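This report describes side-chain packing and pairing in one protein chain. Please keep the sequence and the model at hand while reading.

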Amino acid sequence: MLTQTTIDQSYNKVITTIKSCETKSQLEGASRMVENFKTLYKKVGSPKALSYSLDETLKQQYILTICQL
């Protein structure tokens with residue numbers, strides 16, 4: 001069984017937060033979380049695929065949320 005690293009745990013928490021957003025203001029908060037994640041883990045060399053994945057997940061959740069309003 002693989003153990004998760006700190007970056008994996010943080011990434012999963014941000015993804016979970018994004019997917020739980022139901023309003024535009026919640027998405028704005030999630031967007032700040034994504035930017036904080038990028039800033040923090042850029043210093044330690046996080047893979048760019050994680051940043052891209054967060055951006056895409058945020059974009060998809062934004063589309064879903066706007067369509068529901």
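A residue is called buried under 20% relative accessible area, exposed over 50%, and partly exposed in between. Glu 35, with a relative accessible area of 41%, is therefore partly exposed. The model discussed here is a predicted one.

Helix α2 comprises the 19 residues 24-42.

**Aromatic pairs**

How many aromatic pairs does the structure contain? The count comes to 2. In one of them, the ring centres of Tyr 11 and Phe 37 are 6.4 Å apart and the planes stand at 55°, so the pair is tilted. This pair links distant parts of the chain, since Tyr 11 belongs to helix α1 and Phe 37 to helix α2, 26 residues apart. Tyr 11 has a relative accessibility of 16% and therefore counts as buried. Phe 37 is likewise buried, with a relative accessible area of 4%.

The rings of Phe 37 and Tyr 41 also form a tilted pair, because their centres are 4.8 Å apart and their planes stand at 45°. Both residues lie in helix α2, 4 residues apart, or about one turn of the helix. Phe 37 and Tyr 41 are both buried. Through these ring pairs, Tyr 11, Phe 37 and Tyr 41 are joined into a cluster.

**Salt bridges**

The whole structure holds 3 salt bridges.

| Salt bridge | N to O distance |
|---|---|
| Lys 38 – Glu 35 | 3.8 Å |
| Lys 38 – Asp 55 | 2.8 Å |
| Lys 59 – Glu 56 | 3.6 Å |

Lys 38 and Glu 35 both lie in helix α2, 3 residues apart, about one turn of the helix. The partner of Lys 38 in α3 is Asp 55, so that bridge ties together parts that are 17 residues apart in sequence. Asp 55 is partly exposed, at 29% relative accessible area.

Lys 59 and Glu 56 are 3 residues apart in helix α3, which separates them by about one helical turn. Lys 59 is partly exposed at 44% relative accessibility, and Glu 56 is partly exposed at 26%.

**Cysteines**

A disulfide is a covalent bond between the sulfur atoms of two cysteines. The structure holds 0 disulfides. Cys 21 takes part in none, and the nearest cysteine sulfur, that of Cys 67, is 15 Å away. The cut-off for a disulfide is a pair of cysteine sulfur atoms within 2.5 Å. Cys 21 is buried, at 5% relative accessibility, whereas Cys 67 is exposed, at 63%.

Key:
Residues are numbered from 1 along each chain as its sequence is written. This is a predicted model: local features need pLDDT of at least 70, side-chain atom pairs count only at pLDDT 80 or more; totals for chains, interfaces and linings use all residues. Side-chain values use heavy atoms; hydrogens and water are left out. Helices (H or I, at least four residues) and strands (E, at least two) are DSSP runs, numbered from the N terminus. The expected span of a helix is 1.5 Å times one less than its number of residues. Rings of Phe, Tyr and Trp (its six-membered ring) pair if their centres lie within 6.5 Å; planes under 30 degrees apart count as stacked, over 60 as edge-to-face and the rest as tilted. Buried means under 20% relative accessible area, exposed over 50%, partly exposed in between (1.4 Å probe, protein chains only). A salt bridge is a side-chain nitrogen of Lys or Arg within 4 Å of a carboxyl oxygen of Asp or Glu.
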